[in-house]
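Dear colleague,

I am pleased to hand over the structure below for your review.

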Amino acid sequence: MAISEKDIAYIAELSELELTSEEAVQYAGSLNSIIDYMAQLQELDTSGVEPTTHVLQLQNVFREDVVKPGLSREEALRNAPNRTKTSFKVPKIL
Amino acid sequence: MLTRLTVAETIKGLQEKQFSSLELTNAYLERIEALDKDINAYITVTAEKARKQAAASDKRRIEGNALSAFDGVPVGIKDIICTKGVRTTAASKMLENFVPPYSATCWNKLENAGCVLLGKLNMDEFAMGSSTENSAFFTTKNPFDLACVPGGSSGGSAAAVAADMAPFSLGTDTGGSVRQPASFCGTVGLKPTYGRVSRFGVIPYASSLDQVGIFAKSIEDCALILSYISGKDEMDSTSVPVEVPDYSVLLDNGVKGMKIGLPKEYFGEGIAKAISDMIKAQAQKLAEAGAEIVEVSLPHTGYALPAYYIMATAEASANLARYDGVRYGLRVERDNLADMFKATRSQGFGAEVKRRIMLGTYALSSGYYEAYYNKTLQVRTLVKKDFDDCFAAGIDCLLTPTAPTTAFRLDEKSNDPLAMYMSDICTVTVNMAGLPALVVPCGELGGLPVGAQLIGAPFAEEKLFRSGRVLENERLIPQFRNREGR
């Protein structure tokens, strides 16, 4: 199940990453050797085995819907790379 | 020398007024100044804040208002744990200038207990790595041999404690990131049960596997610290409301009548024979102290590492989607939003982080989800069941190697990701099953430390401490001091 450079371009797109053609070649190489190694999982018969997403047997964790102090607007905005007085500022979307 | 004291000795010294917190803090800051230019454990040293905190602690003690036994004890914190007002980078260019507006619960608890922050410790970027070579800033060196890695991802936390640049430190462990560096640097290292310590404010890598851990110079210290940082936290819905015992009280109850398993899969191919032999010698010590040693089998161990790397990277690909240049962190300006996201992420993340995001994205993508991601979750069930069966059969804890080798050389594996992943082969199972595990220094090979790993059932940290105490007789850290003449 080899990953081609075309696949890498698609995965990079899904990951919101841009790669140079040199990087694409390097990642294709290393991801292929990693995926080859992962292929041994296919030897193991897991039919009928329930998947475990989480080790704790937690179901929904509920709490009362009560307003509590949180970050102030200024604290929440302090690390913003670009902002107005009250909001995060982003480049145009369309 | 104050920097050689354990936490327990430090607490006693402070209580008996043999020294002040400011004297102690200055001793650590001087040592960091002298040694860290070679070791590079700290990304940020918070000298000014530390002296202020220490002076305030001394004032509280004089007035009889100490916040806790820990009041005035210094600590170093892995730079993935948010410290309000102190830059927290995750060793990434993405967060190079990020100053968190709140503190992680684990640091909050220590700060409320009066601990003094010495600084923030180096790591692999976003905890992705096993050598600290993936830090975006610099590589930490192993104090025992500066040509070797300290392990990772919490390499700075391990090296700082090993070199007496902090009496204890916090790290995080997703697949061995506390235990493998503890083994490489000759410190005690604890990865608590999943849910024991709140993850709130810890920058996430793989949320179902991440857990805050402790580096210390003794098991007693580790037990003392665990009691302070554990417990249910309403800010982390995966923290567990299991009572937190005073772990330090039961330390010397011994191992008489305990059943300790040696899982045969951890002593075979891929593990250096000298290390296997050393761990088996530890089993002998436990037997002499009255434990029954039993060979056991965890048959799915061989499948754990590939499953782990799919599971962890899948979770990471989702967790790291938040770095988009909007709310905090790096932004690389572009004319439109989509280009800004890509430019920011491409320049902000290092090579290994990008590799793991892509691997995880691939495993979750349409057409591969069943074959990869879902398969790994089934393997997780089987790996966990192997452990459950052992504990159900009356095994109290398991004894294994921590890593297949001692610390490897800088650059030895940095260009071969798969070889790097293999160094986690003895540790990832524990995170998949959510278990606690303790690493205890047990000797040296070729001048480099070796740690034994004890694995317990969920919330059985106390049994790990009791077993670890039996092995603890020879500490490795003094040998670093003698050899280096430092």
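**Salt bridges**

Over all chains, a search of the whole structure finds 24 salt bridges, each being a side-chain nitrogen of Lys or Arg within 4 Å of a carboxyl oxygen of Asp or Glu. This is a predicted model in which local features need pLDDT of at least 70, side-chain atom pairs count only at pLDDT 80 or more, and totals for chains, interfaces and linings use all residues. Residues are numbered from 1 along each chain as its sequence is written, chains are lettered from A and ligands numbered from 1 in the order in which they are written, and side-chain values use heavy atoms, with hydrogens and water left out.

One of the salt bridges is formed by the side chains of Glu23(A) and Lys354(B) (3.8 Å, N to O). Glu23(A) lies in helix H2 (residues 21–38) of chain A and Lys354(B) in helix H11 (residues 351–364) of chain B, so this pair joins two chains. Helices (H or I, at least four residues) and strands (E, at least two) are DSSP runs, numbered from the N terminus. Glu23(A) is partly exposed at 22% relative accessibility, whereas Lys354(B) is buried at 7%; buried means under 20% relative accessible area, exposed over 50%, and partly exposed in between (1.4 Å probe, protein chains only).

Asp71(B) and Arg60(B) also meet in a salt bridge (2.7 Å, N to O). This pair links distant parts of the chain, 11 residues apart: Asp71(B) is in the loop between helix H3 (47–62) and E2 of chain B, and Arg60(B) is in helix H3 of chain B. Asp71(B) is buried, with a relative accessible area of 0%.

**Aromatic rings**

The structure holds 16 aromatic pairs over all chains. Rings of Phe, Tyr and Trp (its six-membered ring) pair if their centres lie within 6.5 Å; planes under 30 degrees apart count as stacked, over 60 as edge-to-face and the rest as tilted. Among them is the stacked pair of Tyr102(B) and Phe200(B), at 5.2 Å centre to centre with 20 degrees between the planes. Tyr102(B) lies in the loop between strand E2 (74–78) and helix H4 (105–112) of chain B, and Phe200(B) in the loop between strand E5 (188–191) and strand E6 (212–216) of chain B, so the pair ties together parts that are 98 residues apart in sequence. The rings of Tyr369(B) and Tyr373(B) form a tilted pair, with centres 5.4 Å apart and planes at 55 degrees. Both residues lie in helix H12 (residues 369–392) of chain B, 4 residues apart, about one turn of the helix. Ring pairs also link Phe98(B), Phe126(B), Tyr323(B), Tyr328(B) and Phe349(B) into a cluster.

**Backbone features**

Most residues other than glycine have a negative phi, and most peptide bonds are trans. Gly152(B) and Ser153(B) are joined by a cis peptide bond, with omega about 10 degrees. Asn40(B) is not a glycine, yet has a positive phi of about 60 degrees; Asn40(B) is buried, with a relative accessible area of 19%. Asp411(B), likewise not a glycine, has a positive phi of about 70 degrees and is exposed, with a relative accessible area of 58%.

With kind regards
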